[in-house]
Each structure stands twice: as C-alpha cells, then as structure tokens.
Amino acid sequence: MVFPPLKNDLLLRAARREPTERTPVWIMRQAGRYLPEYRALRAEDEFFTVVRTPELAAEVTLQPLARFPLDAAIIFSDILVVPQAMGLEVQMVKGKGPHFPRPLGAPEDLARLRTPDIASDLGYVFEALTLTRQQLDGRAPLIGFCGAPWTLMAYMIEGGGSKTFSRSKTWLFRYPEASHTLLGRITDVLIEYLVAQVEAGAQALQVFDSWAGLLSPEAFEVFALPYLRRIAAEVGAHKPDVPKIVFARGAHYALEALAESGYEVIGLDWTMDPKEARRRTGGRVTLQGNLDPATLYAPPEVIREEVKKMLAAFGPQGHIANLGHGIHPDHDPEHARAFIEAVQEISGGDA
Ligand code: CP3
C-alpha cells in the first residue's frame, strides 16, 4: 500500500531516541467526549457502531487533529474489540462503561472462547487504519493500539470495571494454570493483531496495561511481564522499524524491567517522578507522559507553568509529551490546546 509521505515524524524520531527540534505531543483519549464534535457524532450512533464503521472511526480519529497541531493521531477503537473477537459480548453502557453480559466465571469457561480469524473478525479496524492514514495525508504518524494481556483478562473475568478486581485476582491465585492459558491465548491474538495493524497503516503501536497497578510486583513479574515481553519480541521481529510504547499504569516497581522488555517507549502515569524514571531507566528508552490530567482544570497560564516544569524534568530529548492518563470528558478543549501549544512553544524555544 502506498501512503502519502510523512511531513511530521517527530514522534517516530523521539521514539528512536534520535534528536528532535522540539518535544512531540499527543493526548491519550484525544478523540472523545470532551470534544463537542465527538458528542454530536455519538448522539447519532452507538459507541461500537462508530468503532466498526471505518468512515466514522476515521472521522473521529481526525477530529482532534483538525483543531489542534498534534504530533500523532491514535486510531479510534477500543481495547475490548479483542475480547469481542474472541467470542465475548461487550456492550458500552452510557454513564457506566463497558459491560460483559457473560464474563468468564471459572476455567471451564475458557471453552467458550474462540480463536478469531483476525483478518475478517477485526477487518473493520484495519480498514479504519488504512482510510485514516490516507486522510491524515502525512500530517502526523498514526498510532495503533491494543490492551495488554492482563488488562484484557481482568475485563473478561470481571465483566466491567471493579473496585477490588476480586474475580480476576481469584483466577491468578486459585487457577494460575488456567490464567496462563488465558493470557497465552490473548497474547497470540494480540501479536497477530498488532502486526496486521502495521500492515494496514499504523506507524507506531501502544499497549495499554491500564490495570497493571492492581498487581503486586511478584504477580506482575509472573502474569504480566512475560506476555508483554513476548508481544514486543514477536511484533518487533515482524516489524522492526515500528516503535512500540508500553503504558503500564501504576507499575512503578516494574520500571527497570519494562525498560529491558523490548519496548522503545515507556509511558508514565502522573504519579511517577520523571527525573527518577529517567535515572532508573538510564537513557535506554524514551519516556512518554505524564502531566496529571487534572492539571487541565487549571487556567491556561497555570497549565503552561506545569508544562514548563514537566519538560524541564524530562529534558529535551527522548521524551514524548502526554498526559499521565486519558483526558477527562469534562475538560475544556481550549485547555487541551493550552497543553499542546505550551509543549510545542516551550520545547521549541519560542517561549
Ligand atoms: O483517542 C484515543 O485515545 C483513541 C481511542 C480509545 C478509546 N479507548 C475510545 C473510547 C483508546 C486508546 C481506548 C483504550 C481503552 N479502552 C482503555 C485503555 C486506556 C485507559 O483509559 O486506561 C481502556 C481501559 C478501555 C476500556 C473502556 N472503553 C472503558 C473503561 C470505557 C468507559 C470509560 C469511559 O471513559 O467512558 C470505554 C469507552 C470509550 N472508549 C470511550 C471512548 C472515546 C467513551 C465511550 C463513549 O463515547 O460513550
């Protein structure tokens, strides 16, 4: 497939730890409910209808880029399309979030999972990537993504969000073998899925381990890290030039291990200290993050001051600026703009 030439490759260069004129910036959940144009489109269609309709997914992906001078686009989709492809029903309930009517209860339920045919079951994601990459016209690189094996396992067993994650953690402690079987099956699917995303047009990949912080260091070592490593190794073997980002929210203790796990970029949540993260990862990886999303409730002048501190703490190279987690639905788009422009102006020496 031939795509338009890339006019802004700052994110790709930063991911490879090559010098950049300024720090690239994007925002997790940059396409979403804080944008009135997203809410207008969603008023017409269900969440998963938008995700499954390539023209709509491409339109939503490009909405934030039409407003802001972002240095990356991230394909509009969801981590839960993989459990769906493996045979579990997932609904998006307004005001509540994802809901699985029949989550996995006990190990015998593994028999309910199917091995997806990636090309046909997730073909709508690949079509959305190809269409978006064409419409992006080289303005910025396009990021593909997936959920990490442990985070997906947690959703598949809990059936949605949870306070204690007792059901999924029960599996780890009571059914460790079945847990490894499940994690292995999810990992097999994710590897094929990420490689196919690159073939469809993704220029960088992010793995979201949103629930990593629920695990003890030892449980992370046993149930999360080996699978994250396998994904990096196998996707990297197929697509060596495509940078991989891992965002393991709350996994402070695992920073050194993550820096050796095969990902070029480590995403930090806002509870991590950038200087300490730099010291502990020793310049081996690029760091991404990590302004507290709540900073965007402050007035633009304060956002700018906080950005200045963040940029100084990370230093000018080997950094991709982002929030430390997704932007909130009640954030003011103009405050997102203040964040993006502050990164670009301050790191580029125009301020
Ligand atoms: O702009 C982007 O970042 C790309 C799109 C994107 C979405 N979900 C769209 C979405 C991405 C990268 C995701 C990833 C995702 N999905 C994660 C990992 C990131 C994280 O937040 O830790 C997780 C855990 C999910 C599962 C999920 N999807 C939840 C828990 C929810 C409900 C919570 C919420 O924010 O409402 C969703 C729904 C969802 N995914 C929305 C969007 C824009 C909102 C749904 C709507 O429009 O009604």
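1. Contact here means heavy atoms within 4.5 Å. The model is predicted: local features need pLDDT of at least 70, side-chain atom pairs count only at pLDDT 80 or more, and totals for chains, interfaces and linings use all residues. Residues are numbered from 1 along each chain as its sequence is written, and side-chain values use heavy atoms, with hydrogens and water left out.

2. Leucine 182, leaving aside neighbours within four places in sequence, touches Leu104, Leu110, Leu113, Met153, Met156, Ile157 and Trp171. Leu182 is also listed, with Phe220 and Phe339, as having the most contacts inside the largest nonpolar core, which has 133 residues. Such a core is a set of buried Ala, Val, Leu, Ile, Met, Phe, Trp, Tyr and Cys residues joined through side-chain atoms within 4.5 Å; buried means under 20% relative accessible area (1.4 Å probe, protein chains only). Helix α10 (residues 176-200) contributes the most to this core, 13 residues.

3. Helices (H or I, at least four residues) and strands (E, at least two) are DSSP runs, numbered from the N terminus. In strand β4 (residues 142-147), six of six residues are buried. Leu142, Gly144 and Cys146 point one way, and Ile143, Phe145 and Gly147 the other.

4. Strands pair if DSSP finds at least two bridges between them. β4 runs parallel to β1 (residues 73-74), with two bridges, and isoleucine 74 is opposite isoleucine 143. β4 is also parallel to β5 (residues 204-209), through five bridges; here glycine 144 faces leucine 205.

5. The chain has 15 helices and nine strands. Buried residues make up 60% of its 351 residues.

Conventions:
Buried < 20%, exposed > 50% of the residue type's maximum accessible area, 1.4 Å probe, protein only.
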